[in-house]
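Here is a friendly walk through a two-chain model, section by section. Keep the structure open beside you as you read.

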Amino acid sequence: MSEERTVTLKIKRQDGPESAPYEETFTIPYRQNMNVISALMEIRRNPVNAKGEKTSPVVWEMGCLEEVCGACSMVINGKPRQSCTALVDKLEQPIRLEPMTTFPVVRDLAVDRSRMFDALKKVKAWIPIDGTYDLGPGPRMPENKRQWAYELSKCMTCGVCLEACPNVNSRSEFIGPAAVSQVRLFNAHPTGSMNKEERLEGLMDEGGLANCGNSQNCVQSCPKGIPLTTSIAAMNRATSLQTFKNFFGSDH
Amino acid sequence: MAASRDFVSRKLHSLLGVIPLGLYVTQHLTVNYFATRGPEDFNAAAHFMESLPYRYLLEIFVIFLPLLFHAIYGVFIAFQSKNNVSTYGYLRNWMFYLQRISGVIVLIFVTWHVWQTRIQAAMGAEVNYQMMADILSNPGMMIFYIVGVVGTVFHFANGLWSFFVSWGLTVTPKSQRAMTYVTMIIFLALSFVGIRALFAFV
């Protein structure tokens, strides 16, 4: 093991939501099995840039460190992904780190993903089970349905699909692929399906599902391999049928 | 709660692109193809279309109103997207990008084409084989028409693919892939029909 081995990171930094972004380079000592987060922790421990100047530590968000919480998403060497599973040994150097561009920057690599959570509220991505008395157990879910629904439940609201989508941007109100897939998930649930129309109405609202342009970047980019474009097409079918039901009437 | 204007406009935009506009484009190219059988056959076919009953109603409701909505709303959609094929160079993302580029090409081409033929006809010119032969004798115009026709046919074929997804007809990746092949065969076939007809005028 060479003692002088180093890792170089070029980080797009921003001091606050309104301030101008700038680039700062860091050279840190290499350790075995580093990921981008441990590299960022090294910078935090010793916030000195490549020119030897003392600087502020780089800000980023993290949670689970095992790619299930979605908090540490950032653009690494041009592609959005989680920094916890971005292994330094597998990355081309210098490693370029940027905040995701679809979301407002809070500081440095930390972004505000509120729009995703607002989207989940808009489409009512939950199952209401509260009542004034015990409703007892709900209907059973068929095993084959549970299996594909489980794949949809892996969504961690990480924002990668929104970052990759050409139709999610400041010029459009599109809620993005994640929330669409969550409607499919909750509508597939036997208890959740009792409120399926409400979720479909959310998808048919301004900025809803119809804003999808089928570039299908989302399904290519999703770190959890969620079949997002299948969900989108399935919800296209469901909302198309719902439109006819709403207009012509239906008891089903 | 009724569906939002957003939802209805998008769905209508997708539908109108296929019915009637896609069907009209196919019919138009088929009539053009009569030119490969000679000037008389083309003039007879064009005259038949011209002499359809309640022609103005057909033109307004099958062509101009759907075209106007599809074009204006289409430009709005095209400029809403932030294209990113350099980062995400996947096939469908390229198709998404090309759909927007071809849409703008079609808009320019069709505007010019309507001016050069339909509006001239309204001002007294006769639309026949000779008119097109005169236009296409200019090599620049020939190139413009080839680009316009291929752009239009691509926009229709790829738009048909999106139509199948947007209305929820093709849901599985398998069916969507099959439609990619089907629509690209439609693109190639109609391009052949369109280009061969163009060269029949020179």
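## Strand pairing in chain A

Strand 1 (residues 6-13) of chain A runs parallel to strand 5 (residues 95-98) of chain A, and three bridges join the two. In this predicted model, Lys10(A) stands opposite Arg96(A) in strand 5 of chain A. Strand 1 of chain A also pairs with strand 2 (residues 22-29) of chain A, this time antiparallel and through eight bridges. There, Arg13(A) has Tyr22(A) as its bridge partner.

Which side chains of strand 1 of chain A point to the buried face? They are Val7(A), Leu9(A), Ile11(A) and Arg13(A).

## Two domains in chain A

Chain A splits into domain 1 (6-111) and domain 2 (114-248). Taken over C-alpha atoms, the centres of domain 1 and domain 2 of chain A are 31 Å apart. Twelve residues of domain 1 of chain A make contact with 13 residues of domain 2 of chain A. On the domain 1 side of chain A that touches domain 2, strand 4 (residues 79-82) of chain A gives the most, with three residues. By type, the residues on that side of domain 1 of chain A are five nonpolar, five polar and two charged.

## The nonpolar cores

The largest nonpolar core holds 47 residues, and those with the most contacts inside it are Cys161(A), Ala179(A), Val183(A), Leu203(A) and Met235(A).

Leaving aside residues up to four places away in sequence, Val183(A) touches Val123(A), Ala125(A), Arg199(A), Leu200(A), Leu203(A) and Met235(A). Apart from the core of 47 residues lies another core, of 22 residues, among them Ala39(A), Leu40(A), Met74(A) and Met100(A).

## Where the chains meet

Between the chains, 28 residues of chain B are in contact with 31 residues of chain A. On the side of chain B that touches chain A, helix 1 (5-32), helix 4 (91-122) and helix 6 (139-166) of chain B are the elements that give two or more residues. Helix 1 of chain B has the largest share of that side, four residues. The residues on the side of chain B that touches chain A divide into eleven nonpolar, twelve polar and five charged.

## Annotated regions of chain B

An unreviewed UniProt entry places the feature "transmembrane region" at residues 12-34, 54-76, 97-115, 142-169 and 181-201 of chain B. Over residues 54-76 of chain B, the chain is 96% helix and 0% strand, with the end C-alpha atoms 32 Å apart. Over residues 142-169 of chain B, the values are 89% helix and 0% strand, with the end C-alpha atoms 38 Å apart.

The UniProt annotation "binding site", also from an unreviewed entry, covers His28(B), His70(B), His113(B) and His155(B). Is His70(B) buried or exposed? His70(B) counts as buried because it has 22 C-beta neighbours inside 10 Å, and 20 or more is the cut-off. His70(B) sits in helix 3 (residues 55-80) of chain B. Not counting residues up to four places away in sequence, His70(B) touches His13(B), Leu16(B), Gly17(B) and Leu21(B). His28(B), in helix 1 of chain B, counts as partly exposed because it has 16 C-beta neighbours inside 10 Å.

Technical notes: Residues are numbered from 1 along each chain as its sequence is written. Chains are lettered from A and ligands numbered from 1 in the order in which they are written. This is a predicted model: local features need pLDDT of at least 70, side-chain atom pairs count only at pLDDT 80 or more; totals for chains, interfaces and linings use all residues. Domain bounds come from an automatic or database domain assignment. Two residues are in contact if their C-beta atoms, placed from the backbone, lie within 7 Å. Ala, Val, Leu, Ile, Met, Phe, Trp, Tyr, Cys and Pro count as nonpolar, Asp, Glu, Lys and Arg as charged, and the others, Gly among them, as polar. UniProt positions are given in the numbering used here, feature names are shortened, and annotations may be inferred rather than shown by experiment. A residue is buried if 20 or more other C-beta atoms lie within 10 Å of its own, exposed if 12 or fewer, and partly exposed in between; C-beta atoms are placed from the backbone. A nonpolar core is a set of buried Ala, Val, Leu, Ile, Met, Phe, Trp, Tyr and Cys residues joined through C-beta atoms within 7 Å. Two strands pair if DSSP finds at least two bridges between them.
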